[in-house]
Amino acid sequence: MRVYAVRLYSFLRLLIMWPCRLLFRMRIKGRENVPEGAFLMCANHLSFADPVLCAVAIKTPIRFVARADLKKHAFLRLVFRVAGVVPINRGAADVNALRSCVEAIEKGDSIGIFPQGTRIRSKKPVPEDARAGLGLIALHTHASVLPVSLITKNNRIRPFTKVTVVIGKPIPYEVYSSAGSVSRKDVSVYCFAKVCEQFD
């Protein structure tokens, strides 16, 4: 992100931090695990609030990947622009979005992705939920993958229901690239398994 964008992101993060922590009774664990430099954050997907919860938990500015069709709303177009969101067309292999993620990490930006591709509520996440996009970006950039688990009662995020955000230890390229075969899907499943471990 450019300097002015980082400052604006940090200001907005501070603005929403305490209202968000009170509204969702947030508990944050593992902040010491956030690595220096650019990384690829992956988390389970429960609600539209997930990027906000992750942004509050992690001080480093993160450019999240989100559905392109959300930009049809004027307010969300502004949010996309301010937060540097990478729009992706769901249901198809969006080469441009994947290229944008790779280029962002190569320039030093961190990327946030929800590998399940859609919100999955009422059940625990499982490694096989992860789609191949996470592995594709990781293998192209060699970035460390930071697993983040969003844990709440009945896997539903609601106001005044406690949400625990667990930031796991980063997974270096040397680890996930040697975990079994190195196909994109296998890397996605391996990294997302670290998110799922918190639900066992």
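Reader: What does D109 form with R63, and how far apart are the closest N and O atoms?
Author: D109 and R63 form a salt bridge, with 3.5 Å between the closest N and O atoms. The model is predicted.

Reader: Where do the two residues sit in the chain?
Author: The pair links distant parts of the chain, 46 residues apart. R63 is in strand β3, residues 62-67. D109 is in the loop between α4 (95-106) and β5 (110-113).

Reader: D109, buried or exposed?
Author: D109 is buried, because its relative accessible area is 10%, and the cut-off for buried is under 20%.

Reader: How many salt bridges does the structure hold?
Author: The structure holds three. One of them joins the side chains of K123 and D129, at 3.4 Å from N to O. Another joins E197 and K194, at 3.6 Å from N to O.

Reader: Take K123 and D129. Which is buried and which is partly exposed?
Author: D129 is buried, at 18% relative accessible area. K123 is partly exposed, at 36%.

Reader: And what are the relative accessible areas of E197 and K194?
Author: E197 has 42%, so it is partly exposed. K194 is partly exposed too, with 28%.

Reader: New topic, R13. Where is it?
Author: R13 lies in helix α1, which covers residues 3-23.

Reader: Which side chain of opposite charge is nearest to R13, and how far away is it?
Author: That is E32, 13 Å away. R13 is buried yet has no salt bridge. A salt bridge needs a side-chain nitrogen within 4 Å of a carboxyl oxygen.

Reader: So what is R13 in contact with, leaving aside neighbours within four places in sequence?
Author: R13 is in contact with R31, A55, V56, I58 and K59.

Reader: Back to β5. Which way do its residues point?
Author: S110 and G112 point one way, and I111 and I113 point the other way. All of these are buried.

Reader: In what sense do β2 and β5 pair, and over how many bridges?
Author: Strand β2, residues 39-43, pairs with β5 in the parallel sense, over three bridges. M41 has G112 of β5 as its bridge partner.

Reader: What about β3 and β5?
Author: β3 and β5 also pair in the parallel sense, over three bridges. Here the bridge partner of F64 in β5 is G112.

Reader: On to α7. What should it span, and how far apart are its end C-alpha atoms?
Author: Helix α7 has 13 residues, 184-196. At 1.5 Å a residue α7 should span 18 Å, and its end C-alpha atoms are 18 Å apart, so the two agree.

Reader: Which residues of α7 are buried?
Author: The buried ones are V187, S188, V189, C191, F192, V195 and C196.

Reader: What covers them?
Author: The cover includes β2, α5 (133-141), β6 (144-152) and α6 (173-176).

Reader: Zoom out. How many helices and strands?
Author: The protein has seven helices and seven strands. From the N terminus on, the order is α-β-β-α-β-α-β-α-β-α-β-β-α-α.
Author: The radius of gyration is 16 Å, close to the 16 Å from the globule rule for 200 residues, so the protein is as compact as a globular protein of that length.

Reader: What does the C-alpha trace span along its principal axes?
Author: The trace spans about 45 × 40 × 35 Å.

Reader: What share of the residues count as buried?
Author: Of the 200 residues, 46% count as buried.

Reader: Among contacts between residues at least 6 apart in sequence, what share join residues at least 24 apart?
Author: Of those contacts, 72% do.

Key
Residues are numbered from 1 along each chain as its sequence is written. This is a predicted model: local features need pLDDT of at least 70, side-chain atom pairs count only at pLDDT 80 or more; totals for chains, interfaces and linings use all residues. Side-chain values use heavy atoms; hydrogens and water are left out. Helices (H or I, at least four residues) and strands (E, at least two) are DSSP runs, numbered from the N terminus. Buried means under 20% relative accessible area, exposed over 50%, partly exposed in between (1.4 Å probe, protein chains only). Lys and Arg count as positive and Asp and Glu as negative; His and the chain ends are not counted. Contact means heavy atoms within 4.5 Å. Two strands pair if DSSP finds at least two bridges between them. The expected span of a helix is 1.5 Å times one less than its number of residues. The radius of gyration is taken over C-alpha atoms; the globule rule is 2.2 Å times the number of residues to the power 0.38.
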